[in-house]
Amino acid sequence: MAAILLDIKEGDEVIMPSFTFVSTANAFVLRGAKVLFVDSRNDHPGMDESQVEALITSKTKAIVVVHYAGVACDMEALMELAARHGVFVVEDAAQAIDGYYKGKPLGGIGHLAALSFHETKNIHSGEGGMLVVNDPRFADRAEIIWEKGTNRAAFSRHEVERYTWLDLGSSFLPSEITAAFLYAQLQSLDEIQQRRLEIWRTYQQAFTAENNKVRQGYFGELVSALSGLRARIPHLPTYSSNNAHLFYLVFETGEERAEYIKRLQEVGIMAISHYQPLHLSPFYQDKHDGRALPQALSYSECLVRLPLYFGLSREKAVTMPTGAKQNH
Ligand SMILES: *Cc1c(COP(=O)(O)O)cnc(C)c1O
């Protein structure tokens, strides 16, 4: 919907990180855009903001920022850059519910934003999502696109006598069953977030050298398995809150990560990697402009995500629920 609202068409260019989920790119590629991928930061898997400006051309329509792990991108710098070049900012806030940049909710800063309610996110409805329209110029058209390109929503409010096909659109709305499921999750957001933060902080303490005394139970297993391997824990910039979307370790080498995953498997704990950089994917590699993006590649080879879900027990070793998706 964001790509349709921005009138993205053949020949337009869109800038986004390579280390993200395919949906970030698909939305724009479906409208015919060319994607210019940005590398990750060396202290965080999120997009390196300092590399964006060099990629802006007269064809650039939008910068799509991804708040990886719910950690904010430097939005002030990016909004200022976008304003200076007359391009739009779309926030992929799929992982960012209840995340904040200098106190402002993520998804509430760019011209448009999208949140995901896929089952792998902090709160979910199985499948689902939300478009956030922060620039009021897009609001009326968004409602029409959402309802298959018709003004059926206006009809439901008795504003028109019948509804008709006015624009491009699709069936972007949730069913009532989906909405009901999500509503219950929203009502429990604070409780879910509190629990997730508690698990996140327990991981952080367990892996922090001074407190590295956790040797028992589930968290003890994770620390013991690290013996002899070199890994770092997530870094959060001062302007970002922590929404406890995920906890990960970044190893020095791919071999060390493989060894850690193997050791955890032996004690019944499932830990998984994350994205293959999109610029190296079978679909996009020959459309990519050939720039090497070493940080994105390195996170792809060296990052491992640890189990983080509401029902994770503090004491016992628990495996990921079956059906947990590897790529989200
Ligand atoms: C989950 C996710 C998406 C996709 O969300 P859907 O609800 O499956 O469309 C997009 N971008 C990022 C960064 C994600 O984590």
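View A. Helix H7 (residues 189–207) lies across S10 and S11, where contact means heavy atoms within 4.5 Å. The helix runs at about 30° to S10; axes are lines fitted to C-alpha atoms, for helices over the stretch in contact, and angles run from 0 to 180 degrees between N-to-C directions. Helices (H or I, at least four residues) and strands (E, at least two) are DSSP runs, numbered from the N terminus. This is a predicted model, in which local features need pLDDT of at least 70 and side-chain atom pairs count only at pLDDT 80 or more, while totals for chains, interfaces and linings use all residues. Residues are numbered from 1 along each chain as its sequence is written, and side-chain values use heavy atoms, with hydrogens and water left out.

**View B. The open sheet of three strands.** The strand order is S9-S10-S11, with antiparallel pairing. Strands S9 (231–232) and S11 (303–306) are the edges, each pairing on one side only. Two strands count as paired if DSSP finds at least two bridges between them. Strand S10 (residues 247–251) and S11 are joined by four bridges in the antiparallel sense, and Phe247 has Leu306 of S11 as its bridge partner.

**View C. The open sheet of six strands.** Here the order is S2-S1-S3-S4-S7-S8, and the pairing is mixed. At the edges are S2 (34–38) and S8 (129–133), each of which pairs on one side only. From one strand to the next, the twist averages 20°. Strands of a sheet pair through backbone hydrogen bonds, either parallel or antiparallel. The antiparallel sense is found between S7 (residues 112–116) and S8, over five bridges; Leu115 has its bridge partner, Met130, in S8.

**View D. Strand S3 and its two neighbours.** S3 pairs with S1 in the parallel sense over three bridges, and with S4 in the parallel sense over five bridges. Ala62 of S3 stands opposite Val14, and Ala62 also stands opposite Phe88 in S4. Six of the seven residues of S3 are buried (buried means under 20% relative accessible area, exposed over 50%, partly exposed in between, with a 1.4 Å probe and protein chains only).

**View E. Helix H2 on the sheet.** Helix H2 (residues 22–29) touches S1 (13–17), S2, S3 (60–66) and S4 (88–92), and its direction makes about 180° with that of S1. Ser23 lies in this helix. Ser23 counts as partly exposed because its relative accessibility is 41%.

**View F. The largest pocket.** On a 1 Å grid over the protein atoms alone, a pocket is an open set of points with protein on both sides within 12 Å along at least five of seven lines, whereas a cavity is a set of points where a 1.4 Å probe fits but cannot get out; lining residues have an atom within 4 Å of a point. The largest pocket has a volume of about 1400 Å³, a volume being the space filled by probe spheres set on grid points joined across faces, edges and corners. Of its 45 lining residues, Ala114, Leu115, Gly128, Gly129 and Met130 lie nearest the centre. H2 gives the largest share of the lining, five residues.

View G. The whole structure holds three cavities of 30 Å³ or more.
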